[in-house]
Amino acid sequence: MEDSTQGGNTPFDLSELTGFQFGPAWAKPGADTAPSLPKMRTDERPERRGGPRRPNMTDRRAPRPRRDDQAGASERGPRRSAGPRRGNRDSAPRRELPQPADGFRVELRPANGVLELFSKEIARHKRALPLLDLSRVVMAAKDRYDLVFMKLENGSMLIHSTKGDAACWLTEAEAVAYMWSAPWFSELYTTEEIETEAPKGTFTAIATCTLGNEVIGPVNWHGYQAALMTLYRSKYSNMALDAFKNRITLNKEEEAVQNWLAGAGKKTVWKPTREGATDIVLEDAKAVEADFVANHYGKVYETVDKVFINGATPRKVLSPGLAAHLAILSDKTRHSPQMLIPNLCHGLARHHMPIYKWQGNHFTGPSRVRAIPTDTVLADRMMAIVNWSKEHSGEKVEAMFAELSGVPVGTDDESRKAASEAYAPYTADMIWLLEQGFVVVTGDNSIWYPKGSAAPEPTKPEQPRRHRRK
């Protein structure tokens, strides 16, 4: 199946990507207007759950008392009980995830829309960026990545919706049950209420679902089971049936019984909207499901062995086994974004972005880094840029422009205009060098000479040479 995920179709605004701002800093309102290549920030990290991390205070932390220091503990008084703390998220009960479905190979990949955005903006701003930082950008929002489910030999086929709602199931029963809450249900059936004979009997308690405060009816009413299952299928089919039944309570107040009796003389029926079937009346949920399977199932769903599921897809439209894969793999990759680098490499390569290893990390940029061929003749300004980057590798582009042009950045508008005019020729020449891979500018606006010159090492005092005796 083709990649038709939300991430691939959603228009992205790069300025909204967490910690990854490409726009020129000097062009933003209130910022310094010194002309330079646009700055890009990739040093920020997405916040961890529970808020930002506290600074490391290891060196300032007082030594803890030893556990065997019973006398000291007695003087301080009894220990406080380890009850739940106010505001502690861990004290709240967590819903257990279902077991991940077997029989599938599952990969997390950057959404195609994000890859296109990276390709376009890196080509535009000529920056070299570490893939680890790009992985963090991808994992900062759920709609920036997809999970790809690929059926293995022993796996079951995937039942995928053709209606654009991203629903995906493993069994026909799950797919049919989703029909009741699907956005396209009203396209297939209309719902009507008709007058019917009021129930007869002695009713003393009314069953109510506490999940949404829905009234079901007396448990000794002949229509109770049908009403219970209709509510379950239409609103709560994404949870286990036993868990749903555990949320049913009984209301024994006489007022509740009378209110139910007042509305029990009406019955809900369904009518198909398809041509030639508008006179058919389906009187219960089983009849609706049978009609759906016979007339619509094959048009609404397709059976596939590979499907792309966007990270922002709601769990309620996924089979529990697939939703478990989505939750677990997303969480692992968010905490260990380096897991995404291999698939990020493949994705960027599809968009013709160069991938190379430099300074011990994988990078992408406008070009692979390479040495200047010995027979290459560079213009004076280009050679000046190359020589400056050799001697000052890792320093800022602005410092290079100021030194080579002899025009420092001023604080008033007239000085800034003069600097902009003086820097422009150097900017054009440097862009050509960046496109050739002869020099590199990273996201923090530092310029590097990548071949034969790493980051400057600390200067060491020169040692006298020792001459070997012959």
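This is a predicted model: local features need pLDDT of at least 70, side-chain atom pairs count only at pLDDT 80 or more; totals for chains, interfaces and linings use all residues.
Local features were considered only at pLDDT of at least 70 and side-chain atom pairs only at pLDDT 80 or more, whereas totals for chains, interfaces and linings use all residues. Residues are numbered from 1 along each chain as its sequence is written, and side-chain values use heavy atoms, with hydrogens and water left out.

Volumes refer to the space filled by probe spheres set on the points, which are joined across faces, edges and corners. The largest pocket has a volume of about 920 Å³. Its lining (residues with an atom within 4 Å of a point) comprises 26 residues, of which Trp 221, Ala 227, Lys 266, Lys 267 and Thr 268 are the closest to the centre. At least two lining residues come from each of strand E8 (214-217), helix H7 (224-235), helix H9 (254-263) and strand E10 (266-272), and H7 gives the most, with 5 residues; these elements are DSSP runs numbered from the N terminus, with at least four residues for helices (H or I) and at least two for strands (E). By class, this lining holds 12 nonpolar, 7 polar and 7 charged residues, where Ala, Val, Leu, Ile, Met, Phe, Trp, Tyr, Cys and Pro count as nonpolar, Asp, Glu, Lys and Arg as charged, and the others, Gly among them, as polar.

The count of cavities of 30 Å³ or more comes to 1, and the largest cavity holds about 50 Å³ of space. Its lining includes Lys 126, Tyr 356, Pro 366 and Val 441, and divides into 8 nonpolar, 2 polar and 1 charged residues.

Across the whole structure, 17 aromatic pairs were found, with ring centres of Phe, Tyr and Trp (its six-membered ring) within 6.5 Å, and planes under 30 degrees apart counted as stacked, over 60 as edge-to-face and the rest as tilted. Trp 358 and Trp 448 form an edge-to-face pair, at 5.7 Å centre to centre and 85 degrees between the planes. Because Trp 358 lies in strand E13 (residues 355-358) and Trp 448 in strand E17 (residues 446-448), this pair ties together parts that are 90 residues apart in sequence. Both Trp 358 and Trp 448 are buried, that is, under 20% relative accessible area, with exposed meaning over 50% and partly exposed in between (1.4 Å probe, protein chains only). Trp 432 and Phe 438 also pair edge-to-face, at 5.9 Å and 70 degrees; Trp 432 is partly exposed at 33% relative accessibility, whereas Phe 438 is buried at 3%.

Key
On a 1 Å grid over the protein atoms alone, a cavity is a set of points where a 1.4 Å probe fits but cannot get out, and a pocket is an open set with protein on both sides within 12 Å along at least five of seven lines; lining residues have an atom within 4 Å of a point.
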